[in-house]
Amino acid sequence: MQLEFHYDPETDIATIRVLGKNPVDSEHFENEGFVIDYDENDNIIALEIFDWNKREDLSDIISVLTKEIFDLGNRNYIPDIVSDLAKYKKIANNFSLLTH
């Protein structure tokens with residue numbers, strides 16, 4: 001499985017997705033500021049995270065993803081997605097410290 005990370009500085013939206021998978025459904029978490037995309041088997045295959053640079057951490061997202069794991073028995077891609085998200089957020093935070 002290969003993941004792709006994309007950040008759009010104009011909209012401040014970060015997206016991480018599983019390459020080669022197409023979403024057939026989405027769930028919007030407006031209060032938390034992100035969207036989860038699902039494939040035809042209800043596997044989480046992508047996250048769109050709003051206000052990426054304003055976030056201190058990803059605890060709210062990880063909390064919702066953990067609930068999704070238990071509610072759907074949906075484990076296929078979540079560990080890789082969470083791991084990569086944390087890595088990208090750490091890189092973004094370190095870069096922000098260097099540029100300010």
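**Figure 1. Salt bridge between lysine 54 and aspartate 51.** In this predicted model, the side chains of lysine 54 and aspartate 51 meet in a salt bridge with an N to O distance of 3.8 Å, where a salt bridge is a side-chain nitrogen of Lys or Arg within 4 Å of a carboxyl oxygen of Asp or Glu. Lysine 54 is exposed, with a relative accessible area of 63%, whereas aspartate 51 counts as partly exposed at 38% relative accessibility; buried means under 20% relative accessible area, exposed over 50% and partly exposed in between, with a 1.4 Å probe and protein chains only. A search of the whole structure finds three salt bridges. Residues are numbered from 1 along each chain as its sequence is written, and side-chain values use heavy atoms, with hydrogens and water left out. Local features need pLDDT of at least 70 and side-chain atom pairs count only at pLDDT 80 or more, while totals for chains, interfaces and linings use all residues.

Figure 2. The side chains of arginine 17 and glutamate 4 meet in a salt bridge at 2.8 Å, N to O. Because arginine 17 lies in strand β2 and glutamate 4 in strand β1, the pair ties together parts that are 13 residues apart in sequence; helices (H or I, at least four residues) and strands (E, at least two) are DSSP runs, numbered from the N terminus. Arginine 17 is partly exposed at 31% relative accessibility, and glutamate 4 is partly exposed with a relative accessible area of 34%. Leucine 19 is placed in the loop between β2 (13-18) and β3 (25-29), and it counts as partly exposed at 33% relative accessibility. Leaving aside neighbours within four places in sequence, leucine 19 is in contact, meaning heavy atoms within 4.5 Å, with Gln2 and Glu4. The C-alpha atoms of leucine 19 and glutamine 2 are separated by 5.7 Å, although these residues are 17 residues apart along the chain.

**Figure 3. Salt bridge between aspartate 39 and lysine 21.** Aspartate 39 forms a salt bridge with lysine 21, and the closest N and O atoms are 3.7 Å apart. The pair links distant parts of the chain, with aspartate 39 in the loop between β4 and β5 and lysine 21 in the loop between β2 and β3, 18 residues apart. Aspartate 39 counts as buried at 1% relative accessibility, whereas lysine 21 is partly exposed, with a relative accessible area of 25%.

**Figure 4. The aromatic pairs.** The structure holds two aromatic pairs; rings of Phe, Tyr and Trp (its six-membered ring) pair if their centres lie within 6.5 Å, and planes under 30 degrees apart count as stacked, over 60 as edge-to-face and the rest as tilted. Phenylalanine 5 and tryptophan 52 form a tilted pair, 5.6 Å centre to centre with 55° between the planes. This pair links distant parts of the chain, since phenylalanine 5 belongs to strand β1 (residues 3-8) and tryptophan 52 to the loop between β5 and α1, 47 residues apart. Phenylalanine 5 counts as partly exposed at 24% relative accessibility, and tryptophan 52 counts as buried at 2%. Phenylalanine 29 and phenylalanine 34 form a stacked pair, 5.0 Å centre to centre with 15° between the planes, and both residues are buried.

**Figure 5. Strand β4 and its partners.** Five bridges join β3 to β4, which run antiparallel, and five bridges join β4 to β5, which also run antiparallel; two strands pair if DSSP finds at least two bridges between them. Histidine 28 stands opposite valine 35 in β4, and isoleucine 36 stands opposite leucine 47 in β5. The hairpin of β3 and β4 has four residues between the strands, and glycine 33 in its turn has a positive phi of about 80°. In the hairpin of β4 and β5, with five residues between the strands, aspartate 42 takes a positive phi near 65°. Both faces of β4 are covered, with Phe34, Ile36 and Tyr38 on one side and Val35 and Asp37 on the other, all buried.

**Figure 6. The largest nonpolar core.** This core has 17 residues, and those with the most contacts inside it are Phe34, Ile36, Leu47, Ile49, Ile61 and Leu65; a nonpolar core is a set of buried Ala, Val, Leu, Ile, Met, Phe, Trp, Tyr and Cys residues joined through side-chain atoms within 4.5 Å. The elements that give two or more residues to this core are β2, β4 (34-38), β5 (44-50) and α1 (59-72), and the largest share, four residues, comes from β5.
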